[in-house]
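Visitor: Please take a close look at one part of this model for me, and then lead me on from there to whatever belongs with it.

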Amino acid sequence: MTPWLTIVGIGEDGYAGLGKAARRALLAASEVIGAPRQLELLPHCLGARRQAWPSPFSLEPVLRRRGEPTCVLASGDPMLFGVGASLARQIPSEEMLVLSAPSSASLAAARMGWALQDCTLLSLVARPLAALNAQIHDGARLLILSNDGGSPTAIAALLRERGFGASRLSVLEHLGGEAERRIDGLASDWSQSETAALNLVAVHCVAGVDAVRLPLTSGLPDDAYRHDGQLTKRDVRAVTLARLAPRPGELLWDVGAGCGSIGIEWMRAHPSCRTLAIEANDGRQEHIRFNRDSLGVPALQLVCGAAPEALQGLERPDAIFIGGGVTLPGVFEHCWEQLKPGGRLVANAVTLQSESMLLSWRARIGGELTRLSVSQAQPLGGFDTWRAALPITLLEVWKE
């Protein structure tokens, strides 16, 4: 099949920077679709009709032209946080030809002298700033696509809040064009209130003595969470996540989520992991919203309501954690029915009543029971002694 759609990556150097294949595609197209800024980079001699993307943004102008010679303009590499990736989810690859220009990330790495494979690439374009929290580590090098001219100031403020004020920021404006400019500074004294709307921020993270340093592993410190006491404690949380075994792209139901700790650490395991956190208590819902942002997973979806009613109509999960709600009628049955084949369910119990439910479920469907008891050394007068937390019974079941 001859592709009817050509996606042309165009840089700040405009038409002059395009290769022969891209120019031929633009000359042959009957319509060119792109952002107004990109369309203005084309010479007047092109005969194609020019159409700007609609607002709010939609792919419909491209999809309705299926089979007709069409060009779409994209910034730099269309497949890197670009419209090419969106179109590829709607149009078969054999119907498209993608002609890439150097991405802003590649140009930024070249300007900074950084190895691109050693950098973490992030986008704030129509995405929450809180997503950066999961990537701020001492020594990390971040390349951040800004949403607008105010993004660098917001990034600097977030770094200061996390205790990373010594981090170096470089704002790279209009990369690859005549108006290219670089602004350097420290997050601690960043004073550029506004920069060009088209910019990328390069950050070399440097932790201060008061920095909030969070590990990549599961089992974050308990004080990393805002909670009302309903929190799966650190050691139990680490064991629970190990049994849930998150894998890229998988969806977790965190039923009776409490402060959201299990679902949050599930998502921190890999950027493509997703969580639906089901919680009925208003106060705990607020804790979940705060924790998901502060720990860098703002995409966690909160489902406000009580199980099993709140579970109706949700996307089927790859894994389920049942913390609160173990004894609620119908919760386990609905969860087990909706769990995908090959999925796993982990349920934790503290009380005798909830433990008896786990024993009943195990008798019906099998699974592995584990009892965890954790003790910590604490003062007793002038000495120390072991103080045991309440034991936890854990049921792990894999669905065939």
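Guide: Cys 273 has a relative accessibility of 2% and so counts as buried, a word used for residues under 20% relative accessible area, with exposed meaning over 50% and partly exposed in between (1.4 Å probe, protein chains only). This is a predicted model, in which local features need pLDDT of at least 70 and side-chain atom pairs count only at pLDDT 80 or more, while totals for chains, interfaces and linings use all residues. Residues are numbered from 1 along each chain as its sequence is written, and side-chain values use heavy atoms, leaving out hydrogens and water.

The closest cysteine sulfur to that of Cys 273 belongs to Cys 259 and lies 19 Å away, which is too far for a bond. Counting as disulfides the pairs of cysteine sulfur atoms within 2.5 Å, the model comes to zero. Cys 45 is likewise in no disulfide, and the nearest cysteine sulfur to its own, in Cys 71, is 14 Å away.

Seen as a whole, the protein is divided into domain 1 (5-101), domain 2 (105-205) and domain 3 (222-399), with bounds from an automatic or database domain assignment. The centres of domain 2 and domain 3, taken over C-alpha atoms, are 35 Å apart. Five residues from domain 2 and six residues from domain 3 take part in the contact, meaning heavy atoms within 4.5 Å. Between them, domain 2 and domain 3 bury about 400 Å², 63% of it on carbon and sulfur atoms; buried area is the accessible area (1.4 Å probe) that two parts lose on being put together, summed over both. On the side of domain 2, Ala 130, Asn 133 and Ala 134 lose the most area to domain 3, together 67% of what that side buries. Domain 2 and domain 3 have zero salt bridges between them, where such a bridge needs a side-chain nitrogen of Lys or Arg within 4 Å of a carboxyl oxygen of Asp or Glu.
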